[in-house]
Amino acid sequence: MTSFASKRLAKELSKLKNGLPPGIDLISADNFEEWLMDIRVLDDNPIYRGEVYRLKFRFSPQYPIEPPEVTFIKQSDRPIPTHPHIYSNGIICLDLLGSQGWSPVQNVETVCMSLQSMLTGNSKNERPPGDEEFVRSNRKRPRDIDFYYDDNTV
Amino acid sequence: MSPDRADSAPEASAPGRCFVCLGDQEGSDEWVNPCPCSLEGHQECVMSWISELERENKPFECPICKSKITVDEPFDPALAISNRIYKAFSSVSPLVLCSGALSGLYVSLTAYGSAALLVFAGPEGYARFLLTGDADRPVLSLRYMSLPLIAPALIVGQTLPSLGNFFFLPPTSIYGMFSLAHDENFISWPPSPSLVFATFPWIRAFYRNLWREFIRPFELRLDRRIAGLPEREPQANQGQGQGQERARDDQEHNGGGGVGGIVGFLDAAINLLDIPDVDLNVEIQEDVLQPGEEDHPLEMEMEMEMRVFDLEFDTDDEEQAEAVEALADRAARAANDGEQGENQVNREDDAAPAPVVRPAQAEAQDQAQDQAQDQAPAEAPAEAPAPAPVVAGPADGQRQWNVHTSLRDIGNSLAASLLLPAISAGAGELLRLALPRHMTTPSLLSCRRPGLLQEMWGRSLIGGCIYVVLRDAFRLYTKYRRAVNKPLRKVRSVERRKGGATASSSWQN
């Protein structure tokens, strides 16, 4: 598979393998459709201290024209971080990941860094309003959800 | 997030790196720097990104520095013309649509006005209104321009009477004065259509204010009773509220059957017209207008009616409505007292606080409340002082009124307004059938103007007025019956269904 996305992802992968910013680790990148990354916050934010979070990236063939689908996934040692923009099923409300905020200048590494800083800068130990209802009722893929990016404080 | 985005700028290494595919610049690649900042890439890659932006209707701008990205295409006359036309037409099309809609509205309003006039005045009156010149060579009069105004005037007049007064009273007065100056015989009997046109809004405003003064408080009370709210009148505490109200109802319906009724009517009329102000104005007018004798009656009438209009316009304010209600109640009470020969005293009492009606429009709410409270004990020392709910009451009533004015009611009243000409014509036709023949047919011998009832427009006018009065009275009466029935209502008890046999037998009972 030598699509446009594959070529670009191959470049990204080779760069990631050459070195990653602190707190970001590549877990698996066996194909050009789904990658797993680990992130952790670097400072002493009490909400996230000592925890590591697993991110799943799914790429469409139109990547990087289209944004990747990025969610946190839950495993025994990888909880879903508590954040007002992260639902407890791992879906992330971040304009960078929607078609409004995405642009090809972003890549896997910058998305990870954005999420890292999103967690670092957070001081509210809470889920988004309506989290339970959303988690119970949502059957859509993250890219099909219309988020309102109205909160610029976190 | 913005700092990260800044970080994400592609590294500006020596050979260019495409920000889309992350491939390096090679000699054969067509390369582009779409913006002043570090953004660069293959022409093909950047173009595919631009196409995506185009599909999503997003602006072409650099994701980092937000500067605009321009796309060139080979010049093609057809494309250029098409773009030019598209742009020009986009700016014009709202105008085209609006003017289309407006002219459609104009045509339908004209059609409605024409139909209404034809129905109301009959073919003869219709032709007389629209055509001037000889009978042989008729010319379309410029008056047809006024046809589209009929429907809006009807709607505004019926649904927003205050606004209607605001619009109709000044122009018709000017028209009246103008006609008066040009035509010596303008004010004459039987009235000419022009005279009716000039005076009818005043008559209407006067009728509405009579209604508001005398009937509306009663109606509001009925509304409260229908809605199941407690009485707020002090006399209800005295255990005879019902009887008193009924007596008052009778008096109002009969237009003041006895002496007391008439005196009460006059009292309220004086309050209504706010006599002190009117006196003042009339004096001034007389001083100024001594030479122009003939202008007098109308001028005076206008001043007085202006008071009426003020009053009505201001009653939108709840406090104002309360003050008016208080006055009307007092007038009605004066009517009761009048039969005991105390009307003189009451008149003096009533004349003094009359200005209450006016100041409330300028004064603060609590001041108006104070006045209302001051007033209550003053007029009826024997009665218990008005408790707080008396002040709060009208607000409730007003809200009730607003709630009742639902969308459906608006639709009904619009349709009723538009049907008014036809209903008037129907009532006029009934008049023609009901009245003796000599009253409704113009005599061929007389060279005077035909009487009001001898022409179709006049019959329609009178018929319409009678219809409106009857309609209002009937509406009030149904409200009254509903209020009377209210405490007598019971929930119907239905037989319990224990078994099929008992149920069927109970049905036969």
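Helices (H or I, at least four residues) and strands (E, at least two) are DSSP runs, numbered from the N terminus. In chain A, the loop between strand 4 and helix 2 (108-120) holds A:Ile92 and also A:Gly98. This is a predicted model, in which local features need pLDDT of at least 70 and side-chain atom pairs count only at pLDDT 80 or more, while totals for chains, interfaces and linings use all residues. Residues are numbered from 1 along each chain as its sequence is written, chains are lettered from A and ligands numbered from 1 in the order in which they are written, and side-chain values use heavy atoms, with hydrogens and water left out.

**Strands 3 and 4 of chain A**

- Strand 3 (residues 53-58) of chain A pairs with strand 4 of chain A in the antiparallel sense, over five bridges; two strands pair if DSSP finds at least two bridges between them.
- Within this pairing, A:Phe57 is opposite A:Val70 of strand 4.
- Four of the five residues of strand 4 (residues 69-73) of chain A are buried, where buried means under 20% relative accessible area, exposed over 50%, and partly exposed in between (1.4 Å probe, protein chains only).

- A:Ile92 counts as buried because its relative accessibility is 5%.
- A:Ile92 and A:Val70 are 22 residues apart along the chain, and 7.4 Å separates their C-alpha atoms.
- A:Gly98 has a relative accessible area of 11% and is therefore buried.

**The interface of chain B and chain A**

- In contact (heavy atoms within 4.5 Å) are 21 residues of chain B and 24 residues of chain A.
- About 1,800 Å² is buried between the two chains, with 62% coming from carbon and sulfur atoms; buried area is the accessible area (1.4 Å probe) that two parts lose on being put together, summed over both.
- On the side of chain B that touches chain A, the elements giving two or more residues are helix 1 (2-7) and helix 2 (43-55) of chain B.
- Helix 2 of chain B gives the most to that side, with four residues.
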